[in-house]
Amino acid sequence: MIPSIHKRGSKTIGLLRYLYGPGTHEEHIDPHLVAAFDPLTPDPGRDPDVTFGQFQRLLNQPVNALLAGRRPKKHVWHMSVRASPEDPILSDEDWAAIARRMVAATGIAPEGDDAACRWAAVRHADDHIHIIATLVRDDGRRPRLHNEARRAQAECRRIEADYGLRRVASGDGTAAKRPTSAERRKAERQGRERTAREELRETVRRAVAGATSEEEFFDRLAAAGLLIRKRVAPSGDLLGYKVALPGDRNGEKEPVFYAGSTLAPDLSLPRVRERWALHAETVASADGSGREQPVLPEVTGPAFARRRATAATWQALLVIDQGDDGAAAAQIAAAGEVLDALAKTSAAHTRKELREAAFMFERASRSYIRAVRGHDRALRQAARDLVHSGPALGRGEDGATTAMLIDMAFFLAMAAANWHAKKRHSQQAQAARQAAEHLRAAYQAAAGEPMAALGQRGRRLAPRVRQRQATLLQQVLPDLAERILAEAGWAALATTLDDVRKAGHDPAVLLTDAARRRELDTATSISDVLVWRLRRSAHLLALPASPDGTAARGSRRTAPPAPVTQPATSAVNDPSRRR
């Protein structure tokens with residue numbers, strides 16, 4: 001059950017006409033009163049002799065009793081309470097009881113208070129009611145409505161339990177503002193899948209991803225085609241910004257601007273500046289020693305950017321699992337930037353699912369636990385590398401490293417979901433799980449060609465080589481070997497193990513490490529997961545040259561330099577090895 005407290009108004013009769021009217025799209029059915037402050041309140045929906053003017057005067061009587069200077073300018077309070085689509089249709093009596101509980105919980109009409117505000121609950125659909133109230137009590141005082149939205153949410157959770165309704169995930173006040181019904185109807189009229197607010201939020205998040213200065217940020221917004229309005233102080237300092245879609249106009253044909261802070265809490269200019277300030281600082285070592293970290297090799301293309309982002313994502317997984325709350329929150333927030341950047345630079349066949357994953361993960365990127373900036377440098381740099389390396393091809397090494405990164409991003413999304421669940425962040429945990437499902441679908445689209453190419457190489461291995469790899473698998477992973485050998489990806493894993501051996505690594509050591517790094521139960525294909533973990537840790541090309549010696553289309557002939565300085569076979573020195 002979802003409560004929504006709408007903007008306060010000044011015209012009681014206007015809202016009454018809407019509630020009892022046909023609706024914008026003739027969607028209102030049988031509007032009628034289900035409950036009110038007085039059981040004898042006349043109902044315009046049932047009694048044709050009752051006018052809206054009479055109903056308005058009844059509700060407004062305490063307001064009109066005040067002297068003109070003491071009357072609140074916005075005296076009309078409006079709440080809608082909506083059941084979930086899965087819930088049964090409730091009776092008028094049920095909705096009446098729910099309405100009384102909501103006005104009591106919010107402070108409009110506390111239980112047993114005979115001098116409370118006047119209110120009425122109108123039903124014009126099966127799944128929701130509207131409550132209208134006037135914000136002057138019968139004794140002339142104002143109601144106490146502090147934290148009314150949070151109290152309404154808490155009461156809805158109790159109502160769900162009492163009536164056996166679907167339990168909606170509780171929020172913590174960090175969610176981005178949801179589109180209003182007017183914004184949704186406008187999007188429908190204009191034929192857009194998302195509202196202007198949602199499109200702007202997604203575009204601004206992609207512009208923020210990896211940006212390091214105000215100039216770069218605003219250049220990206222302009223390049224995306226947004227209209228920008230900056231708020232500048234008399235001193236010349238920039239105080240804030242607003243953005244608008246060129247085609248989104250109000251009744252006066254003027255652009256409808258949204259401030260960054262109204263799109264999402266972390267898109268306000270001060271919050272975005274926190275990331276730029278950190279980039280400008282000297283990058284110190286993670287142990288706080290003050291020593292500068294080694295300069296990473298310059299990114300030379302999409303495949304290299306994806307390999308480095310995969311390594312940064314793995315390190316983020318370790319922090320989420322083992323770090324403190326502030327550091328984990330920072331990694332999860334930065335992971336949202338990586339997903340935004342990946343969606344922006346992905347090939348057409350993965351773009352839709354990656355955009356949906358980034359859109360869903362946005363809710364998981366914030367909670368009441370404040371992110372401690374500085375821990376997220378590697379992921380934010382990875383996002384910047386992805387953007388500046390340009391669009392990736394959907395084939396060859398670009399396509400294979402995309403599959404490798406998506407595979408790691410899936411596990412990061414699941415780690416974020418588990419972290420949020422432990423903290424009882426139910427909305428964020430649900431959002432992260434939904435993002436993971438879209439990442440799973442994106443992986444299946446991305447991995448088809450590279451896994452098929454690796455599998456073809458595996459099926460060409462000599463029988464004794466294939467048997468050697470199967471024996472190794474049974475020795476290292478006896479509990480999983482039978483399942484892996486039956487998977488379609490086994491041939492790709494066999495050739496990967498052979499490549500690991502040829503590269504001078506111990507396949508048994510790396511396979512043991514790959515299996516220990518994270519749980520494998522959530523993987524659709526264990527062999528796929530092991531392929532990418534092995535190829536990354538051994539610094540192999542994601543899609544190596546074909547047997548005739550030619551490189552796959554779109555691939556590099558040699559693997560890019562590894563972003564870590566220690567050999568992957570060293571259990572003591574490799575920072576990416578699990579304890």
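This section describes strand pairing, helix packing and aromatic contacts in a predicted model.

Strand 3, which spans residues 76–82, pairs with two other strands. With strand 1 (residues 2–5), strand 3 forms 4 bridges in the antiparallel sense. Within this pairing, Pro3 has Val81 of strand 3 as its bridge partner.

Arg231 is placed opposite Gly240 of strand 7. The two strands, strand 6 and strand 7, make up a hairpin in which 5 residues separate them. In the turn of this hairpin, Gly236 adopts a positive phi of about 95°.

Helix 5 covers residues 181–190, and its buried residues include Glu183, Arg185, Lys186 and Ala187. An α-helix has 3.6 residues a turn, so residues three or four places apart point the same way. The packing partners of the buried residues in helix 5 are helix 1 (12–20), helix 6 (196–208) and strand 8 (258–259). Gly191, which comes just after helix 5, has a positive phi of about 75°.

Aromatic pairs number 6 in the structure. In one of them, Tyr20 and Phe52 are tilted, with 5.8 Å from centre to centre and 40° between the planes. Tyr20 belongs to helix 1 and Phe52 to helix 2 (residues 52–64), so this pair ties together parts that lie 32 residues apart in sequence. The two residues are assigned to separate burial classes: Tyr20 has a relative accessible area of 11% and is buried, whereas Phe52 is partly exposed at 26%. The cut-off for a buried residue is under 20% relative accessible area. A second pair consists of Phe217 and Phe218, whose ring centres are 5.1 Å apart and whose planes meet at 55°, so this pair is tilted as well. Both Phe217 and Phe218 are buried. Tyr20 and Phe52 also belong, together with Phe55, to one aromatic cluster.

Charged side chains are placed over aromatic rings at two sites described here. The charged end of Arg229 sits over the ring of Phe257, at 4.0 Å from the ring centre. For Arg308, the charged end sits over the ring of Phe304, and the distance to the ring centre is 5.5 Å.

Leu393 is located in the loop between helix 13 (377–389) and helix 14 (396–422). With a relative accessible area of 36%, Leu393 is partly exposed. Leu393 and Ser346 are 47 residues apart along the chain, and their C-alpha atoms are separated by 7.7 Å.

Note on methods. Residues are numbered from 1 along each chain as its sequence is written. This is a predicted model: local features need pLDDT of at least 70, side-chain atom pairs count only at pLDDT 80 or more; totals for chains, interfaces and linings use all residues. Side-chain values use heavy atoms; hydrogens and water are left out. Two strands pair if DSSP finds at least two bridges between them. Buried means under 20% relative accessible area, exposed over 50%, partly exposed in between (1.4 Å probe, protein chains only). Contact means heavy atoms within 4.5 Å. Rings of Phe, Tyr and Trp (its six-membered ring) pair if their centres lie within 6.5 Å; planes under 30 degrees apart count as stacked, over 60 as edge-to-face and the rest as tilted. A charge sits over a ring if NZ of Lys or CZ of Arg is within 6 Å of the ring centre and within 35 degrees of the ring normal.
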